[in-house]
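Reader: I would like to go through this model by its helices, surface and ring contacts. Please show it, and then I will ask about the details.

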Amino acid sequence: MSRSLAGVAVGMALGFAAWFGGFAAFLLVAALGALGGVVGHLWDTGTDPGDLLARWTRERR
């Protein structure tokens, strides 16, 4: 699936959530979509979530 098609699908899902469920459903779908995107990226790249978290805490110091 291309990134533009994935963007259209996410936009449509958020639109349906906002239309039928209101703003709270829109935020819930957006948050779960972002979480799914992060998990999918970690899975695709083979990165361990602990390594990602350790790198993030090192950069903040």
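**Helices, surface and ring pairs**

Reader: In which helix does Val 8 lie?
Author: The model is a predicted one. In it, Val 8 is found in helix 1.

Reader: Is Val 8 buried, partly exposed or exposed?
Author: Buried means under 20% relative accessible area and exposed means over 50%. Val 8 has a relative accessibility of 45%, so Val 8 counts as partly exposed.

Reader: What is the area of the nonpolar surface patch that includes Val 8?
Author: Leu 5, Val 8, Met 12, Phe 16, Trp 19 and Phe 20 make up this patch. The area of the nonpolar patch is about 760 Å².

Reader: What span do the end C-alpha atoms of helix 1 have?
Author: Helix 1 covers residues 3–45, and a straight helix of 43 residues would span 63 Å at 1.5 Å a residue. Between its end C-alpha atoms, helix 1 spans only 16 Å.

Reader: On which residue is the kink in helix 1 centred?
Author: The kink in helix 1 is about 145°.

Reader: Is Gly 21 buried, partly exposed or exposed?
Author: Gly 21 is part of helix 1. With 46% relative accessibility, Gly 21 counts as partly exposed.

Reader: What distance separates the C-alpha atoms of Gly 21 and Gly 33?
Author: Gly 21 and Gly 33 are 12 residues apart along the chain. Their C-alpha atoms are separated by 16 Å.

Reader: Which residues in helix 1 are buried?
Author: To be buried, a residue needs a relative accessible area under 20%. In helix 1, the residues named as buried are Leu 14, Ala 17 and Leu 42.

Reader: How many aromatic pairs are there?
Author: Rings pair if their centres lie within 6.5 Å. By this rule the number of aromatic pairs is 2.

Reader: What is the geometry of the pair Phe 16 and Phe 20?
Author: Phe 16 and Phe 20 are 4 residues apart in helix 1, which means about one helical turn separates them. Planes under 30 degrees apart count as stacked. The ring centres of Phe 16 and Phe 20 are 6.1 Å apart and the planes are at 10°, and the pair is stacked.

Reader: How are the planes of Phe 23 and Phe 26 arranged?
Author: Phe 23 and Phe 26 lie 3 residues apart in helix 1, about one turn. Their ring centres are 6.0 Å apart and their planes are at 25°, so the pair is stacked.

Reader: How far is the C-alpha atom of Asp 51 from that of Gly 37?
Author: Asp 51 belongs to helix 2, residues 49–60. Asp 51 and Gly 37 are 14 residues apart along the chain, and their C-alpha atoms are separated by 17 Å.

Technical notes. Residues numbered from 1 in each chain as written. Predicted model: local features only at pLDDT ≥ 70, side-chain atom pairs only at ≥ 80, totals over all residues. Heavy atoms only, no water. Helix = DSSP H or I, 4+ residues; strand = E, 2+ residues; numbered from the N terminus. Expected span 1.5 Å × (residues − 1). Bend = angle between axes of the 7 residues up to and from the residue. Buried < 20%, exposed > 50% of the residue type's maximum accessible area, 1.4 Å probe, protein only. Patch = residues over 30% accessible without salt bridge, like charges linked within 9 Å, V, L, I, M, F, W, Y side chains within 5 Å. Areas by Shrake-Rupley, 256 points an atom, 1.4 Å probe, with all protein chains shown as cover. Salt bridge = Lys/Arg side-chain N within 4 Å of Asp/Glu carboxyl O. Phe/Tyr/Trp six-rings, centres within 6.5 Å; stacked < 30°, edge-to-face > 60°.
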